[in-house]
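Colleague: I am new to this structure. Could you take me through it?

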Amino acid sequence: MKFNLTKLFYLLTLGLFMVSCSSDDDATSPSNDTEKSEFIETYAKIASENYKDTYDTAVAMKSKIDAFIAAPSESTLTDARNAWLYARDFYGQTEAYREANGPIDNEDLLGTEGQINAWPLDEGYIDYVANGAGGVVQNGLIGDTSFDLTEENIINKNEFGKDDNISTGWHAIEFLLWGQDLNYDPVKDTYDNYAVSGERPFTDYTTADFAERRKTYLQIVTNLLVNDLKDLNDAWASGGDYRKTFEALPVDEALTNILNGIGFISNGEIAAERIIPAIDEGQENEHSCFSDNTNQDMWANVHGINNIIIGSYTTESGAKIEGLSLIDLVADENSEVADKLETKASETISKLNALLNLGKNFDEIISEESLGSNGPAEQLSEALKAQSKEIAEAASTLGVSITIE
């Protein structure tokens with residue numbers, strides 16, 4: 001058989017051209033590792049600064065709580081509460097770094113998330129609660145004088161027996177500062193005054209039963225929280241143990257961890273665990289139910305995710321930590337996917353602002369809607385779910401895979 005070399009060369013050249021065109025049109029090439037590394041470094045810098053702010057503001061909170069314990073009064077209690085609220089804004093943003101195989105919830109590292117921020121909390125596990133007849137019942141750790149109040153003992157009691165047996169962390173401190181939020185209206189003798197939060201009197205720390213034990217408990221759990229936050233701050237600081245480990249990870253492994261974290265928090269945590277159960281079952285499932293700080297928790301959580309999507313974090317001092325955003329990284333691979341991510345992130349912020357602009361506490365908002373009613377809380381949940389799907393699509397575009405639950 002005789003070959004036509006000229007024809008063969010033409011066919012081979014045409015084939016190579018077609019393969020080249022097909023690759024450009026139908027497949028996504030791997031993202032430039034340099035740009036991925038730049039985005040990963042932006043994430044690390046933001047995480048480091050965010051944890052530093054969280055630790056610093058928690059130290060300031062501790063000083064106000066120490067002052068309250070030393071001299072309980074209406075004013076020192078108010079100062080302690082305000083310091084708790086202020087510090088929460090920074091901690092809430094760090095939740096975007098959860099479920100990313102990092103120190104907060106990796107049991108092989110620190111694994112202290114459950115000790116720091118576990119919820120919902122059965123308040124009767126710690127201290128007295130209302131009995132529904134104008135009195136109180138005290139079956140908590142504070143009232144159990146056979147229970148030795150030490151850090152080790154209180155840690156061992158955290159989530160002991162059942163998930164809502166919470167003894168440590170932000171919400172234990174919150175309950176000890178505010179007490180139950182009963183929504184009580186003394187004029188109408190009803191429990192529908194959503195404008196008020198918990199109204200624990202400062203005398204719980206002076207003349208009330210178990211006042212000294214209550215002081216001791218509050219002191220221990222505050223110190224423990226600050227120490228746990230210091231560990232996270234140290235781990236993420238430049239040159240810190242985890243920061244070095246993180247920066248040495250293969251690029252796609254680090255990228256997968258980052259995107260899995262923000263995808264999970266957007267969908268599996270805020271949308272599915274913090275909003276939907278609260279709408280369905282009421283304020284016992286709202287995140288900061290004692291202080292009525294849940295709206296602000298939502299603000300912090302949503303903006304924590306958005307910090308990574310837009311590549312920018314504003315520190316406590318007002319400085320901006322900025323770098324390559326997730327949107328820009330994705331845009332280099334697929335501008336359409338990047339545009340969709342930016343749109344869904346903007347819609348999430350818009351739904352958050354709509355909820356905040358109602359000027360109502362979260363418990364009142366959820367009292368006025370039900371699942372399927374498309375109220376403002378459910379709209380925020382749906383926006384967060386849609387955002388998470390675009391985060392997953394962004395991951396795929398960048399050549400990695402995450403699971404959105």
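**Pockets and a helix pair**

Modeller: This is a predicted model. By class, the lining of the second largest pocket has three nonpolar, six polar and two charged residues.

Colleague: Which residues line the second largest pocket, and which element gives the most to the lining?

Modeller: The lining consists of Gln93, Trp299, His303, Asn306, Asn307, Ile310, Ser312, Tyr313, Thr314, Lys320 and Glu322. Two or more of these residues come from each of helix 10 (294–310), strand 3 (312–314) and strand 4 (320–322). With five residues, the element that gives the most is helix 10.

Colleague: What is the volume of the largest pocket?

Modeller: The largest pocket has 21 lining residues, and nearest its centre lie Ala130, Gln180, Leu182, Tyr184 and Glu199. Its lining divides into eleven nonpolar, eight polar and two charged residues. The second largest pocket has a volume of about 170 Å³. For the largest pocket the volume is about 400 Å³.

Colleague: Is helix 9 roughly parallel or antiparallel to helix 14?

Modeller: The axes of helix 9 (residues 251–281) and helix 14 (residues 376–397) come within 9 Å and cross at roughly 160 degrees. Angles over 145 degrees count as roughly antiparallel. Helix 9 is therefore, relative to helix 14, roughly antiparallel.

Colleague: How many charged residues are in the contact of helix 9 with helix 14?

Modeller: Helix 9 passes helix 14 in a left-handed crossing. The contact includes Leu259, Ile262 and Gly263 of helix 9, and Glu378, Leu380 and Lys385 of helix 14. By class there are twelve nonpolar and six polar residues, and the number of charged residues is two.

Methods: Residues are numbered from 1 along each chain as its sequence is written. This is a predicted model: local features need pLDDT of at least 70, side-chain atom pairs count only at pLDDT 80 or more; totals for chains, interfaces and linings use all residues. Side-chain values use heavy atoms; hydrogens and water are left out. Axes are lines fitted to C-alpha atoms, for helices over the stretch in contact, and angles run from 0 to 180 degrees between N-to-C directions. Helices (H or I, at least four residues) and strands (E, at least two) are DSSP runs, numbered from the N terminus. Angles under 35 degrees count as roughly parallel, over 145 as roughly antiparallel, 65 to 115 as roughly perpendicular and the rest as oblique. A crossing is left-handed if the near helix is turned anticlockwise from the far one by less than a right angle, and right-handed if clockwise. Contact means heavy atoms within 4.5 Å. Ala, Val, Leu, Ile, Met, Phe, Trp, Tyr, Cys and Pro count as nonpolar, Asp, Glu, Lys and Arg as charged, and the others, Gly among them, as polar. On a 1 Å grid over the protein atoms alone, a cavity is a set of points where a 1.4 Å probe fits but cannot get out, and a pocket is an open set with protein on both sides within 12 Å along at least five of seven lines; lining residues have an atom within 4 Å of a point. Grid points are joined across faces, edges and corners, and a volume is the space filled by probe spheres set on the points.
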